Each structure stands twice: as structure tokens, then as C-alpha cells.
Amino acid sequence: MDRAELSIAVHRTGDEVVLRLAGEIDMLTAGQLSTVVNEVLTDPPPRIVLDLGGVTFCDSQGLGTLVVLSRKASHARTLLVLSNVGDFLLRVLDITGLRSALMIRNETAP
């Protein structure tokens, strides 16, 4: 069985930090995502954007991690925004009722 992989590229621009994710968010990689977001939250920007355009899979552990990170960001007075969320993940968020718990911005940023 292949090991799931997640690559995270961090880009700081003005008042936000964009994390471009590629690969899978699952029980093997969710900790990696948490670590990176927690590092960003040590000096919290007004907004953290998780660009999910390259995400090919997200399991229940990944979904839970997104919710936990959103709450942590909120406690740090930072907005956690999901962008470029694929149709498969939007459907999963709808089915699980988590779509309303997360901020999703799928339109192209100016």
C-alpha cells in the first residue's frame, strides 16, 4: 500500500498566509497539516487560507482536523478560509453537515 503524502507550500502575503496543499489529508497526514497551521498561529496573521486545489482525498480524520484548526484559528483571532475546495470535498462537507462549520471561499481572489 502506498503511503499517503501531503505537500504544503507556505506563502506569506500582506495580511494572510496561504497554505497550498497537494495530496491527501488523512489519518497519516493530518498531523503534518496541524503542525504547519500551529506554526503559523504562533504569530497569527488576520487570515490563513488553505488552498485545497491540489487535495485528492480527505478522510474523517482530515475533516476533523480542518474543524479543529478552524476553531484554533478563531481562538487566535484569525480567520481560517478554505479555497479551491473540490466538488468531492464539498459533497462530503454537505453530507456531514460540516460545510456550515467552515468558511469556504471558492471564487477566484482578485
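This report walks through the overall build of a predicted protein model and then its salt bridges.

## The overall build

Let's start with the parts list: the protein has three helices and five strands.

How does the radius of gyration fit with a compact globule? For 110 residues, such a globule would come out near 13 Å, and this protein has 13 Å, so the two agree. The C-alpha atoms fill a box of roughly 40 × 25 × 25 Å along the principal axes.

Of the 110 residues, 41% count as buried. The protein exposes about 6300 Å², with carbon and sulfur atoms supplying 52% of that. Among contacts with a separation of 6 or more, 65% come from residues 24 or more positions apart.

## Charges that pair up

There are 10 positive and 13 negative side chains, and the centres of the two sets sit 7 Å apart. Side chains of opposite charge can pair when their charged atoms come close. Here the count is four salt bridges.

Glutamate 16 is buried, at 14% relative accessibility, while arginine 47 is partly exposed, at 23%.

Another salt bridge joins arginine 20 and aspartate 51 (3.7 Å, N to O). Arginine 20 is in strand β2 and aspartate 51 in strand β3.

Key
Residues numbered from 1 in each chain as written. Predicted model: local features only at pLDDT ≥ 70, side-chain atom pairs only at ≥ 80, totals over all residues. Heavy atoms only, no water. Helix = DSSP H or I, 4+ residues; strand = E, 2+ residues; numbered from the N terminus. Rg over C-alpha atoms; globule rule 2.2 N^0.38 Å. Buried < 20%, exposed > 50% of the residue type's maximum accessible area, 1.4 Å probe, protein only. Contact = heavy atoms within 4.5 Å. Areas by Shrake-Rupley, 256 points an atom, 1.4 Å probe, with all protein chains shown as cover. Lys, Arg positive; Asp, Glu negative; His and termini not counted. Charge placed at Lys NZ, Arg CZ, Asp CG, Glu CD. Salt bridge = Lys/Arg side-chain N within 4 Å of Asp/Glu carboxyl O.
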